[in-house]
Amino acid sequence: MTTAPTGGGERETRWLTDDEQRVWRAYLHATTLFDDHLDRRLQRDAGMPHIYYGLLVQLSHAPGRSKRMTELAIDAKITRSRLSHAVARLEKNGWVRREECPSDKRGQNAILTDAGFAVLEKAAPGHVETVRQAMFDRLTPEQVAQLGEIMRVLAEGLQPEDSGADLPWLR
């Protein structure tokens, strides 16, 4: 019997079944390939990784193309440190600028510049086509609905509401 430690003792490990192992490996394989595919396309077309594109998209949808850094980290599901590094690179490219938050002197807002918006507009058609070809063109409408529901359930389970959760944007 194999056991795994828990807070108050040990319990039997719930190993994955063969079917679960197959699904888990397929998920890892697909998400790794998908992330790499998107990154390569965006690097080629716009000179940026997918994470930077996602930040520009978030800012483009925000009122005044501006968002508090903490909110941007939450929306991007990344650590504040990783966000700060990414925004510094976007600033260097002239695509984003930071300003002090008028309502909270400790906070900063990230603001999408006109140059950043232009880069986003240029990259968006190729990005959308890449996503469409890599994902949606391969699935039936029923599979798209199922995938959406599955991803929603998984995300909800990994993002608890309590304030003590170990979430990236809280680190």
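**Exercise 1. Find which helices each supply at least two residues of the nonpolar patch.**

Helices here are DSSP runs (H or I, at least four residues), numbered from the N terminus. This is a predicted model: local features need pLDDT of at least 70, side-chain atom pairs count only at pLDDT 80 or more, and totals for chains, interfaces and linings use all residues. Residues are numbered from 1 along each chain as its sequence is written, and side-chain values use heavy atoms, without hydrogens and water.

Next, list the members. They are Leu 16, Trp 24, Tyr 27, Leu 28, Ile 150, Met 151, Leu 154 and Leu 158. Together they have about 770 Å² of accessible area. Helix 6 gives the largest share, 4 residues.

**Exercise 2. Classify Leu 28 and His 127 by accessibility.**

Start with the cut-offs: buried is under 20% relative accessible area, exposed is over 50%, and partly exposed is in between (1.4 Å probe, protein chains only). Leu 28 sits in helix 1. Its relative accessibility is 35%, so Leu 28 is partly exposed. His 127 belongs to helix 5 (residues 114-134). Its value is 11%, so His 127 is buried. Now set aside neighbours within four places in sequence: His 127 contacts Leu 38, Leu 42, His 50 and Tyr 53. Contact means heavy atoms within 4.5 Å.

**Exercise 3. Describe how helix 2 and helix 4 cross.**

The axes of helix 2 (residues 50-61) and helix 4 (residues 80-92) come within 10 Å. They cross at roughly 85 degrees. Angles of 65 to 115 degrees count as roughly perpendicular, so helix 2 and helix 4 are roughly perpendicular. Among the contact residues are Leu 55 of helix 2 and Leu 83 of helix 4.

Definitions and conventions
Patch = residues over 30% accessible without salt bridge, like charges linked within 9 Å, V, L, I, M, F, W, Y side chains within 5 Å. Areas by Shrake-Rupley, 256 points an atom, 1.4 Å probe, with all protein chains shown as cover. Salt bridge = Lys/Arg side-chain N within 4 Å of Asp/Glu carboxyl O. Axes fitted to C-alpha atoms, helices over the stretch in contact; angles between N-to-C directions. Parallel < 35°, antiparallel > 145°, perpendicular 65-115°, else oblique.
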